[in-house]
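Hello,

Here is the structure you are taking over. Notes on its packing follow.

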Amino acid sequence: MAPVTASGARRMLRFEGHTCLRQRLVMSTLSGKSVRIENIRADDDEQPGLADYEASFLRLLEKLTNGCTIEINHTGTSVTYHPGTIFGGRIQHECPPSRSIGYFMEAVIALSPFAKHPVELTLTGITNDNVDISADLIRTLLLPQLSRFGIEDGLELKIAKRGAPPLGGGQVVFRCPIVRQLKPLQFIDAGHIKRIRGIAYATRMSPQMANRVVEAARGLLTRYIPDVYIYTDVYKGQESGRSPGYALSLVAESTTNTLLSAECAYQPRKKVTETTPSASQDPFNQVQLTGSNRDAMAVAKPIVDVGPTVSDMLVNDYTFPTPEDLGVRVARLLLHEIKRGGSVDTLSQWLHLLFIALGPEDVGKVRFGSLSPFT
């Protein structure tokens with residue numbers, strides 16, 4: 001690799017598109033190199049430029065660092081980011097309902113150990129959905145694995161309030177210490193699964209919902225291993241957020257402390273009450289249009305048993321008729337994750353790769369199963 005000159009260090013990196021925007025901003029902050037990202041949804045006629053959650057992430061970076069500069073053009077399709085120093089301290093941030101807290105927490109976990117002061121971050125928003133990692137798996141999967149790199153004293157994630165989609169209302173408090181240097185990691189032995197633990201929560205719903213999810217998941221998993229214990233966590237009152245919901249998170253632990261996970265959250269199926277001019281051509285919207293002018297007619301009555309629309313699929317991929325279906329789904333996802341092998345879970349592949357690259361120049365080894373597109 002050619003050495004980097006002084007002029008090369010000041011050179012701005014340029015990218016195009018909204019893909020991997022969060023990762024590019026995190027790498028820019030860690031490396032201290034400025035980046036310019038152009039053509040962000042420039043071809044989208046309805047919603048060009050930055051999404052609300054991406055703009056919120058930029059505001060969070062501004063709070064977490066000191067001296068950063070963010071320049072956005074008037075259409076929102078171009079962003080120039082000059083990173084500052086990762087400062088840390090006490091921070092409060094409200095996440096938009098379009099993405100859950102996990103979207104913001106993943107980047108914060110990658111940056112917090114290198115701050116000047118210990119980080120105490122309070123995030124409000126959605127805690128569990130089917131798009132981003134949930135607050136439960138961050139607490140039971142990602143944070144325990146940071147101890148392999150020497151980040152453990154004072155590391156904590158507390159779920160103060162639950163927040164189910166679409167309105168959220170949850171709150172988590174994240175505390176992270178600072179480290180001088182990461183420890184090298186050599187972790188290639190996956191071992192054998194010895195126990196499975198899980199958390200099933202329910203908010204603004206009957207506690208029986210969580211119990212039915214637990215029974216269905218345990219009934220499938222106990223065919224393979226007897227040591228299965230799933231906790232139920234029922235929230236009521238002010239701690240239950242603004243929307244009803246329930247979810248299940250499972251973590252399997254091996255004899256070598258390998259952690260493998262799976263999760264899924266409940267999302268109510270929406271009824272179709274109105275249509276757009278293109279709805280008659282959309283296979284996901286099975287609606288009936290009457291009259292000669294189809295463009296001006298609305299749906300006379302909703303069809304109850306309708307599949308998710310395209311916009312719904314971007315937000316949530318799963319709808320379940322009963323809690324038992326959700327429990328069986330999560331159990332099967334966990335079995336599939338175990339089948340993929342590796343000493344690192346799919347959700348934490350990126351974190352291990354990043355910290356190995358940021359660690360000392362010793363040899364780092366880790367064994368992966370199938371690589372995810374995110375990795």
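Ile109 touches Ile138, Leu142, Leu143, Leu146, Phe174, Leu351 and Phe355, leaving aside residues up to four places away in sequence (contact means heavy atoms within 4.5 Å). The model is predicted, so to speak of local features pLDDT must be at least 70, side-chain atom pairs count only at pLDDT 80 or more, and totals for chains, interfaces and linings use all residues. Numbering starts from 1 along each chain as its sequence is written, and side-chain values use heavy atoms, with hydrogens and water left out.

Ile109 is also one of the residues that touch the most other members of the largest nonpolar core, which has 60 residues; the others are Leu25, Met105, Leu121 and Phe174. A nonpolar core here is a set of buried Ala, Val, Leu, Ile, Met, Phe, Trp, Tyr and Cys residues joined through side-chain atoms within 4.5 Å, with buried meaning under 20% relative accessible area (1.4 Å probe, protein chains only). H4 supplies the largest share of this core, nine residues. Helices are DSSP runs of H or I with at least four residues, numbered from the N terminus. A second, separate core of 24 residues includes Leu248, Leu250, Leu326 and Val330.

Helix H4 (residues 101–111) packs with helix H5 (residues 135–146) at an angle of about 10°, the axes being 12 Å apart. That makes H4 roughly parallel to H5 (angles under 35 degrees). Axes are lines fitted to C-alpha atoms over the stretch in contact, and angles run from 0 to 180 degrees between N-to-C directions. From H4, Gly102, Met105 and Ile109 meet Ile138, Leu142, Leu143 and Leu146 of H5.

Regards

Conventions
Helix = DSSP H or I, 4+ residues; strand = E, 2+ residues; numbered from the N terminus. Parallel < 35°, antiparallel > 145°, perpendicular 65-115°, else oblique. Buried < 20%, exposed > 50% of the residue type's maximum accessible area, 1.4 Å probe, protein only.
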